[in-house]
Amino acid sequence: MKKLLYSALIIMSLASCSKDSSPEDKCTGKTGGGGLVNLLVSPSDDIAMGQATVNSIDSNKTEYPILDSTQYNVAYGHINRITKNILNSGEVYYKDKFVWRVRIIKRDDILNAFCTPGGFIYVYTGLIKYLDNETQLAGVLGHEIAHADRRHSANQMVKQYGISTLLSIISGGNQSQLATLSAQLLLLKYSREDETEADKFSVRYLKPTEYDGRGAKYFFEKLIATGQSGGTPAFLSTHPDPGDRVANITQTWECLGSKVGLTFDTRYAQFKTSLP
Ligand SMILES: [Zn+2]
């Protein structure tokens, strides 16, 4: 009997091993919600950190002029469709647990997008106008979604504050402590490893969609071609060299056996004209 149970355990562990070595996990690293931080900080804690950041953003309309979603409902229709296509890939671990709400920031001078913990996504008009097609934007959005889905910010905050202090700030409701935390989240620089992982997961998220999984690569190539890879765009303020990132994305795309997807140029041109 005991022997039988032991064999059953072996079979079960073998089954879980084979799941871990799926092509996706082999090419991008395992999914599963961000490793150790997943055990320490709950998804609702991430949303609370994200909400505190949203409050800081909303209170600073000069730095973050948010495009009105009623007045510009056509533009929001476009950005929401692209985001939904990525979220429905079946590859986003916290798809149903995080908020995944998008806001457009009306700043033509900034080539950037970011996502707070818990999935509050922000995209600058400067980035949307700079890009040429929907796949490029999907690639960048996939990258930002990956930072939240892989819980990179939460991980850094745990390292910085320690788990008990962080959780007491989140649950304590002390507004000034939360404001400090959100200010830190807005200035956060991701590590080289986190940037590389986010690039890989962007390819992974896009693979089941109609988009070309290398969307983010085309963005980096455009930055290199237009001579803007010198560190000026906020998207590149962290370490990995754009050339290395192009190589990493191509490698991941090949490893996953992805197809050549579509770019949706016409639809994207309509998106751009719907912006102020
Ligand atoms: Zn990033």
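Is Cys115 buried or exposed? Cys115 is buried, with a relative accessible area of 4%. By buried I mean under 20% relative accessible area, by exposed over 50%, and by partly exposed anything in between, using a 1.4 Å probe and protein chains only.

Hello everyone, and a word on the model before we go on. This is a predicted model, numbered from 1 along each chain as its sequence is written, where local features need pLDDT of at least 70 and side-chain atom pairs count only at pLDDT 80 or more, while totals for chains, interfaces and linings use all residues. Side-chain values use heavy atoms, and hydrogens and water are left out.

Let's start with the overall picture. The protein chain has 14 helices and 3 strands. Helices here are DSSP runs of H or I with at least four residues, strands are runs of E with at least two, and both are numbered from the N terminus. Of the 276 residues in the protein chain, 49% are buried. A contact, in this talk, means heavy atoms within 4.5 Å. If we take the contacts between residues at least 6 apart in sequence, 74% of them join residues at least 24 apart.

Now to the cysteines. A disulfide is a covalent bond between the sulfur atoms of two cysteines. For the search, the cut-off is a pair of cysteine sulfur atoms within 2.5 Å. How many disulfides does a search of the whole structure find? It finds 1, and that disulfide joins Cys27 to Cys255, with 2.1 Å from S to S. The link of Cys27 and Cys255 is left-handed, with -80 degrees about the S-S bond. Cys27 sits in helix H2 (residues 23-28) and Cys255 in helix H13 (residues 242-255), so the pair ties together parts 228 residues apart in sequence.

Gly257 is exposed, with a relative accessible area of 57%. Its C-alpha atom is 8.9 Å from that of Lys207, which is 50 residues away along the chain. Phe264 has its place in the loop between H13 and H14 as well. Phe264 is buried at 18% relative accessible area, and its phi is near 55 degrees, a positive value in a residue other than glycine.

Which other residue has a positive phi although it is not a glycine? That is Arg151, with a phi of about 60 degrees. You will find Arg151 in the loop between helix H7 (134-149) and H8, and Arg151 is buried, with a relative accessible area of 0%.

That brings us to H8 and its neighbours. Two packed helices are described by the angle between their axes and the distance between the axes. The axes are lines fitted to C-alpha atoms, for helices over the stretch in contact, and the angles run from 0 to 180 degrees between N-to-C directions.

First, H8 and helix H9 (residues 163-172): their axes come within 6 Å and cross at roughly 115 degrees. That makes H8 roughly perpendicular to H9. For the naming, under 35 degrees is roughly parallel, over 145 roughly antiparallel, 65 to 115 roughly perpendicular, and the rest oblique. On the H8 side the contact uses Ala154, Met157, Val158 and Tyr161, and on the H9 side Ile163, Thr165, Leu166 and Ile169. By class, that contact has 7 nonpolar, 1 polar and no charged residues. Nonpolar covers Ala, Val, Leu, Ile, Met, Phe, Trp, Tyr, Cys and Pro, charged covers Asp, Glu, Lys and Arg, and polar covers the others, Gly among them.

Next, H8 (residues 152-161) packs with helix H10 (residues 175-187) at an angle of about 125 degrees, with the axes 11 Å apart. That makes H8 oblique to H10. Here the contact is made by Ser153, Met157, Gln160 and Tyr161 of H8 with Thr180, Leu181, Gln184 and Leu185 of H10. The classes come out as 4 nonpolar, 4 polar and no charged residues.

Last stop, helix H12 (residues 215-225). Its buried residues include Gly215, Phe219, Phe220 and Leu223. Among the elements covering the buried residues of H12 are H7, helix H11 (192-206) and H13. Just after H12, Gly227 takes a positive phi of about 70 degrees.
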